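Here is a short briefing on one protein model. Look over the sequence and the structure, then read the points below.

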Amino acid sequence: MAKIRGRIPKESSGGYARIFGNEALGELMSKVHGTSVSAGSELERLITERVETIDDLDAFLRKDIMPDGVLLGKKKEIKKCIELNAQGSEPDFMIFKRREGHQRCHIVELKDGHIFDTKKADSEREALHNFAKRNAGRLPYRVSTHFCAFNQDDPEVIWKGFKQRIDIKEAMTGREFCDLLEINYDEIVEIRKQDAEDNIRYFLEELLCISETESIIEDILLSESHLTEEQIVFKTD
């Protein structure tokens, strides 16, 4: 999970500030939103750091046989690859794997969440399937398509989250994805969990640095507990 701490809020129309009537709180919420948006990119970084990636996908695809192992083609390399016909709908990853004389190409769309509206689900399915159809004949591999919801461990829940627009066999859990790449799923989850713990602490610290929200929190604690004002001391340094 990406961290809120140290993030610079993006310039905006001030929507969050208007919602809360407080500029400092609006800025904090802008940081939270930016962190949420970047969480998917952070997940991709954690994954690609643990897998051997392909720097020149064109050179790689000119070889009919790959060495035993797992190699990862990222969206950036797929986009600029001449050997492939992406037409602006590049998948997140192409995973090339050879084991025991069998080599396969897994075309994967990676998601941090798993619930999408019908229009989005249809769009995701069409883009990935069309990419596979255009390029399967160009690849000396058995090709399969997958929609991975990294944080979900039940393929049926993923399938339903995609409004049943994908084949349930295409629904891939985060653990299955990491097993395919031969990397440690639990390690990545633990790293993201640590970021989440820091995010909670930072968010609450920042709330207590804003005089208006500190006052409201103090009022809530006084009204819903037996504490006195003297017993409630916030340390924000």
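pLDDT is the predictor's confidence in each residue, from 0 to 100. Helices (H or I, at least four residues) and strands (E, at least two) are DSSP runs, numbered from the N terminus. The model is predicted: local features need pLDDT of at least 70, side-chain atom pairs count only at pLDDT 80 or more, and totals for chains, interfaces and linings use all residues. Residues are numbered from 1 along each chain as its sequence is written, and side-chain values use heavy atoms, without hydrogens and water.

**Confidence**
- The protein's mean pLDDT is 90, and 93% of its residues reach 70 or more.

**Helix H9**
- Ser-211 lies in H9, which covers residues 211-223.
- Ser-211 counts as exposed because its relative accessibility is 58% (exposed is over 50%, buried under 20%, partly exposed in between; 1.4 Å probe, protein chains only).
- Ser-211 and Gln-103 are 61 Å apart in space, C-alpha to C-alpha, and 108 residues apart in sequence.

**Helix H2**
- H2 (residues 23-48) has 26 residues.
- H2 bends by about 40° at Ser-38; the bend is the angle between axes fitted to the seven residues ending there and the seven starting there.

**Around Leu-57**
- Setting aside neighbours within four places in sequence, Leu-57 is in contact (heavy atoms within 4.5 Å) with Glu-77, Ile-78, Cys-81, Leu-84 and Phe-96.

Note on methods
Expected span 1.5 Å × (residues − 1).
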